[in-house]
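Welcome, and thanks for opening the viewer. Could you walk me through what to select, stop by stop, and tell me what is there?

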Amino acid sequence: MAKLALQSVTKSFGDNIVCRGIDLSVDEGEMVCLIGASGSGKSTLLRCINLLEPIDDGRILLDGVDISEPGLDPQPIRARIGIVFQSFNLFPHMTAAENVMLAPRRVLGKSRETLEAPVKALFDRFDLGQRMQHYPDQLSGGQQQRVAIIRALAMQPEIMLFDEITSALDPELVGEVLDVLRQLRTEGMTMILATHEMAFARELADKVCFLDASRILEEGPPETLFSNPREDRTRAFLKRVL
Amino acid sequence: MTDQTSVPRGSAPGLTRRQAYEQRLRRRSNTLAAGSTLAVVLAVVVLVPLAPGWDAVKRSFFNGQVFAKTFPGLLDAFLMNVAIFLWCAPIIAILGLVIALFRDVRSPALYPLRLFGAIYTDVFRGLPVILVIYLIGFGVPGLGLPRPWNSPYVWGSLALILVYAAYVAEVIRSGIDSIHHSQRAAAASLGLSDGETMRYVVLPQAIRNVAPANMNLFIALQKDVALLSFIGPVEVFRQAGVYKSLLANFTPYVGAAVIFLALTIPATRYADYLMNKQRRRQS
C-alpha cells in the first residue's frame, strides 16, 4: 500500500482551477519531485496534502485512510505531515530553538527538559548547534531555511513536503539546504518536493512529475523524464529550464 | 586628500566637491532658519505686549506669586490623576485585549461574542468621552447604591475604562490583522490549534507591533482623566478651578497645564521614538 495516495484531487479558487484531477502515489521512503512552470499548481497541491487548503473533490489517503474527508479535524493529521515553505515562515519573536520546540511542547505535550537533548541533536545534525539561541533575523537565509526544516522534523513527521524551499535563497546558500535534503534522503524520509532545482531532482528523485495547466501531464523516473520525455510540452519546458 | 577624517570641518581642502557643495547648502539653510525663527520670536515679544489687554492678561494668567502659592497644591492634586490612571490602565489593557480577541473568534457557537465585540467598539468609539462620563457617572449612582458603589471615582473610572478599552481593542485588532497569514499557516502546519496559534504565534508579534500606538492612547488617557472633574473627583484640573475661585486668578490653570506637559511631552517623544525604531526595523 502506498504511504500517500491522491485520487483525482480537484481544487479551485473561485473560477481558477488549480488541480484538475490529480492522481499521485508515493511509497514509504520515496522521494517525489514536482516540476513545472510557476502557477502550474505545485504549491497548491502540497498545501492540499497538508490540509492547509481543503480540496473540492477526490481523495487523499494517508496509510490508506482518507484524510480529506470534509469535517475531519485537520490538526492531528498536520502533525504527521511536515511542510517547509519557500519563505521560511519562522516565528520572528522566538529563537531558533524556541521555534523548533513550540509544536512538540504544545501539540505533543512534551516538556522543555525532555526536548532539550533531542532538539540539540537535531541542530547538531544539521550543523546549526551554534545558532540555537539566535533569532531568525540574526541568521542567513540558508540557516533560516534549515531551522525551518528542523522545526518540521521535530514533530517526527511521516512525510515531509518541501515547497520550493531554495527559491528565495541567494545562489551560494542553495547548496547547504540541498545537502540537508540529501541527508534526509539517505535516512529514508518520505518526501515530496516542488522544485526548480532540476539537477537535484535528476540526481535524487525516485519519481518526477511534470505539472502543466493544473494536472500531472507526465511522470516517471528522472532518467526517462529528463532524457526522453514523452510529451511535447514537457520537452519544451525542460528545454527552457535546463 | 589622503586622510579625510583628520580634516577639520570647514571648507578646507580635502572635501570632495559634493561634500563642499552640501556644506554650503547646509550653512545657507541654517542661517535662514535661525533668521526666520528670530523674526517670529521678536514679533511675538514686541507685538503681544502692545495689545490693549496685555497687562490684565499678564496679571491674571501669569502671576508669579499665585503660581508659587498654588503649584504645590496642584502637584498634590495631580497625584489623584496618577492614581486614577494607574488603576484604569491595566484594566483597559486587559479588557481591550479581550474585546480584540472576541472580534477574531471563528466558531459559529461563539458568534455572539464577535457581534458583541463589534457593537461594543462601534458604540464606545462613537461617543464623546465626556458624554459617557456624564451618563455613567451621574446615571449609575442615581440607582441609590450604598457606599462605596455611589462614588464618582468608581463610575468615572468605569467610563474611562469602557471608552479606552474600545480604542485599545481596535489597535490590537489592527495588530492581529498585520501579521502575515503565512505565520498562521506555518503554525497550523505544525499541528497547532487556532487558539494556540493566536496565543503563541500571532498575539506576541501583534502586541509588539502596536505597542507605540497603544502608548499614544495611554498618553491621551492621562489627559482625559481631567474630564472626571466634571462629575466630582478633585484632581488637578478641579483643584486649579478651586484656586481660581479662591484667588480670582487664572494662573493655577497655567500651572496645571505645566504639570500635564511635563509628563505628556516626554511620553509622546518616547512613543515617537519607539514608532520610528519600529519603522526602521521593518524596512
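Where is the place of A:Gln156? Select A:Gln156 and you will find the loop between helix H5 (141-153) and strand E7 of chain A.

Before going on, a word on the model: it is predicted, so local features need pLDDT of at least 70 and side-chain atom pairs count only at pLDDT 80 or more, while totals for chains, interfaces and linings use all residues. Residues are numbered from 1 along each chain as its sequence is written, and chains are lettered from A and ligands numbered from 1 in the order in which they are written.

**Stop 1**

Most residues other than glycine have a negative phi, and most peptide bonds are trans. A:Gln156 counts as exposed, with 12 C-beta neighbours inside 10 Å. The cut-offs are these: a residue is buried if 20 or more other C-beta atoms lie within 10 Å of its own, exposed if 12 or fewer, and partly exposed in between, with C-beta atoms placed from the backbone.

Now pick A:Ala213, in the loop between strand E9 (207-212) and strand E10 (215-220) of chain A. A:Ala213 also is not a glycine and has a positive phi of about 50°. This residue counts as partly exposed, with 13 C-beta neighbours inside 10 Å.

**Stop 2: a covered strand**

Select residues 190-194 of chain A, which form strand E8; five of its five residues are buried. In a regular strand the side chains alternate between the two faces of the sheet.

Strand E3 (residues 31-35) of chain A runs parallel to E8(A), joined by four bridges. Look for A:Leu34, which stands opposite A:Ala194. Strand E7 (residues 159-163) of chain A also pairs with E8(A) in the parallel sense, over five bridges. There, A:Ile159 has A:Thr190 as its bridge partner.

**Stop 3: an open sheet**

In chain A, show E2, E1, E4 and E5: in that order these four strands form an open sheet with antiparallel pairing. Strand E2 (16-26) and strand E5 (65-66) each have a single partner strand and stand at the edges, so one side of each is left without a neighbour in the sheet. Strand E1 (residues 4-13) and E2(A) run antiparallel, joined by eight bridges.

**Stop 4: chain A as a whole**

Zoom out to chain A, with its nine helices and 10 strands. Its radius of gyration, taken over C-alpha atoms, is 18 Å, close to the 18 Å that the globule rule (2.2 Å times the number of residues to the power 0.38) gives for 242 residues, so chain A is as compact as a globular protein of that length. Of those 242 residues, 44% count as buried.

**Stop 5: where the chains touch**

Show both chains. The contact takes 18 residues from chain A and 16 residues from chain B, where contact means C-beta atoms, placed from the backbone, within 7 Å. Helix H2 (75-78) and helix H3 (96-106) of chain A each supply at least two residues of the side that touches chain B.

**Stop 6: chain B**

Chain B has 11 helices and zero strands. Its radius of gyration is 27 Å, well over the 19 Å that the globule rule gives for 283 residues, so chain B is more spread out than a compact globule. Of its 283 residues, 26% count as buried.

Select helix H1 (residues 17-47) of chain B. Of its 31 residues, the number buried is zero, so H1(B) lies largely in the open.

Finish at B:Pro148, in the loop between helix H5 (129-139) and H6 of chain B. A cis peptide bond, with omega about -5°, joins B:Arg147 and B:Pro148.

Key: Contact = placed C-beta atoms within 7 Å. Pairing = 2+ DSSP bridges.
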